[in-house]
Amino acid sequence: MPYEVQGVVSRAKGEPVSLETVLVPDPGPGEAVVSIKACGVCHTDLHYKLGGINDEFPFLLGHEAAGYVDKVGEGVTDIAPGDYVILNWRAVCGTCRACKRGKPWYCFSTHNATQPMTLTDGTKLSPALGIGAFLEKTLVHSGQCTKVNPDIEPAVAGLLGCGVMAGLGAAINTGAVTRGDSVAVIGCGGVGDAAIAGATLAGATTIIAVDQDDRKLEWAKGFGATHTLNTKGKSEDEVVEAIQTLTNSFGADVVIDAVGRPETWRSAFYARDLAGTVVLVGVPTPDMRLNDMPLIDFFSRGGQLKSSWYGDCLPSRDFPVLVDLYLQGKLPLDKFVTERISVDGVEGAFDRMHHGDVLRSVVVF
Ligand SMILES: NC(=O)c1ccc[n+]([C@@H]2O[C@H](COP(=O)([O-])OP(=O)(O)OC[C@H]3O[C@@H](n4cnc5c(N)ncnc54)[C@H](O)[C@@H]3O)[C@@H](O)[C@H]2O)c1
Ligand SMILES: [Zn+2]
Ligand SMILES: [Zn+2]
């Protein structure tokens with residue numbers, strides 16, 4: 001029997017989200033229904049609501065989730081009802097060119113559920129990042145369920161499903177931060193602080209947290225930042241100079257832009273050492289432009305300019321390891337959870353995110 005559950009829906013660009021009755025069908029071949037126990041509020045949910053991702057309203061929001069497999073469809077053998085899972089938005093296909101070349105984190109044919117979840121009048125919902133998890137039951141592709149050790153509580157585990165994995169992976173996988181590196185992270189929200197935690201795990205010895213908000217900089221120290229830089233009122237050049245000053249005038253080996261705006265990216269570009277790496281993990285909106293950068297600067301400074309989708313992660317490889325590191329006390333994932341809220345509190349959580357009051361609000365069921 002299909003489920004009828006209350007889910008957080010964004011009906012129109014910029015309008016407040018609403019709780020709506022959502023019909024969740026029984027899983028078809030290759031699909032699974034998951035009982036969601038917790039789902040974090042990510043900035044990407046806000047991007048969806050504001051029309052910054054695409055115009056396919058109405059959206060079913062929520063995508064940083066953990067829970068228990070409830071039912072599986074025909075042909076599903078790798079998970080079973082009762083399994084504890086983190087949902088992922090990279091269920092790799094195994095057969096596309098990227099997968100066959102041994103780089104499945106670039107898979108361009110990832111699986112999502114094929115049946116839609118709908119409103120009671122039959123309107124199809126667009127699930128955020130192919131998940132949609134601000135509701136008690138959701139329908140996903142079975143490959144979107146990654147089994148992990150159930151000793152980690154859902155509110156903490158779910159965050160690995162998006163923002164925290166994106167930040168950790170931006171440092172470890174994309175930026176290839178290693179022992180002795182200097183790293184600057186611009187924007188210390190959930191994603192940026194995870195990049196700081198990733199740089200710490202990888203052995204970076206100088207880690208500069210950059211934000212416009214002193215509270216965020218204070219929290220960043222808890223993830224391993226060795227220096228902080230408040231850029232409020234500073235010009236791009238002043239930001240670059242301050243990072244150079246903290247790195248013996250060289251600039252950082254790796255600069256991670258976890259904001260995703262032209263000015264933060266330009267600062268990242270110029271604040272790295274010659275032949276250093278820039279990693280863009282914050283998501284720009286389609287209207288943003290980089291103007292007036294001399295092409296010779298790209299040539300003469302060398303190095304690598306990369307972007308990081310989901311931290312170049314492979315959920316089946318990375319989630320279980322990160323959960324183990326947390327359980328061993330080596331990765332403070334619980335510090336990302338600022339507050340636990342109920343499913344009718346997402347609009348308020350967006351406000352607190354906008355005002356910088358939280359790292360992550362997590363809806364618990
Ligand atoms: N690439 C991916 O796979 C991926 C995954 C999840 C989220 N994201 C994106 O990462 C970004 C950050 O997400 P979040 O959840 O951490 O958001 P957040 O709102 O919690 O944090 C953003 C932080 O950036 C700071 N900031 C804003 N403008 C700044 C500026 N000009 N200079 C310095 N600091 C500034 C804010 O004070 C805040 O601390 C978003 O764009 C989000 O969509 C990307
Ligand atoms: Zn593939
Ligand atoms: Zn997210």
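Predicted model: local features only at pLDDT ≥ 70, side-chain atom pairs only at ≥ 80, totals over all residues.

User: Good to know. Which strands does strand 11 pair with, and in what sense?

Analyst: Strand 11 runs parallel to strand 12, with five bridges joining them. Strand 14 (residues 252-257) is parallel to strand 11 too, through four bridges.

User: Who stands opposite Ala184 in strand 14?

Analyst: That's Val255. Over in strand 12, Ala184 has Ile208 as its bridge partner.

User: And what do strand 11, helix 5 and strand 12 make together?

Analyst: A β-α-β unit, and a right-handed one.

User: Back to Val183. What is it in contact with, leaving aside its neighbours within four places in sequence?

Analyst: The list is Ala171, Val177, Ala199, Ala204, Thr206, Ile207, Ala252, Asp253, Val254 and Ile256.

User: How many residues are in the largest nonpolar core, and which have the most contacts inside it?

Analyst: The largest nonpolar core has 114 residues, and Val183, Val185, Ala195 and Ile256 have the most contacts within it. Val183 and Val185 are also the pair on one face of strand 11.

User: Which helix gives the most to that core?

Analyst: Helix 4 (residues 163-174), which puts in seven residues.

User: Switching to the ligand. Which residues come nearest to ligand 1?

Analyst: His43, Ala166, Gly187, Gly189 and Val191, out of 33 residues around ligand 1.

User: Which helices and strands supply at least two residues each to that shell?

Analyst: Helix 1 (43-49), helix 4, helix 5 (190-202) and strand 12 (206-211). So helix 4 turns up again, given that it gives the most to the core, by the way the helices are assigned here.

User: How does the shell split by class?

Analyst: There are 14 nonpolar, 15 polar and four charged residues around ligand 1.

User: What about strand 1 with strand 4: parallel or antiparallel?

Analyst: Antiparallel as well, with two bridges. Val9 stands opposite Leu60 there.

User: And is strand 4 parallel or antiparallel to strand 8?

Analyst: Parallel: strand 4 (residues 59-60) pairs with strand 8 over two bridges. Leu60 faces Pro127 in strand 8, while Val9 in the other pairing also stands opposite Leu60.

User: Let's check the backbone. Which peptide bond is cis?

Analyst: The one from Phe57 to Pro58, with omega near -5°. Pro58 is in the loop between helix 1 and strand 4.

User: What is phi of Leu129, and where is that residue?

Analyst: Phi is near 50°, a positive value in a residue other than glycine. Leu129 is in the loop between strand 8 and strand 9 (137-141).

User: Why does Leu129 count as buried?

Analyst: Because 25 other C-beta atoms lie within 10 Å of its own, and the cut-off for buried is 20 or more.

User: What about Ala176?

Analyst: Phi of Ala176 is near 50° too, again positive in a residue that isn't glycine. Ala176 is in the loop between helix 4 and strand 11. It counts as partly exposed because it has 16 C-beta neighbours inside 10 Å.

User: Last one: where is Lys103, and what separates its C-alpha atom from that of Leu314?

Analyst: Lys103 is in the loop between helix 2 (97-100) and strand 7. Lys103 is partly exposed, because 13 other C-beta atoms lie within 10 Å.

Terms used
Residues numbered from 1 in each chain as written. Chains lettered and ligands numbered in written order. Pairing = 2+ DSSP bridges. Core = buried A, V, L, I, M, F, W, Y, C linked by C-beta atoms within 7 Å. Buried ≥ 20, exposed ≤ 12 C-beta atoms within 10 Å, placed from the backbone. Contact = placed C-beta atoms within 7 Å. Near = placed C-beta within 6 Å. Nonpolar A, V, L, I, M, F, W, Y, C, P; charged D, E, K, R; others polar. Right-handed = clockwise from strand over helix to strand, strands pointing away.
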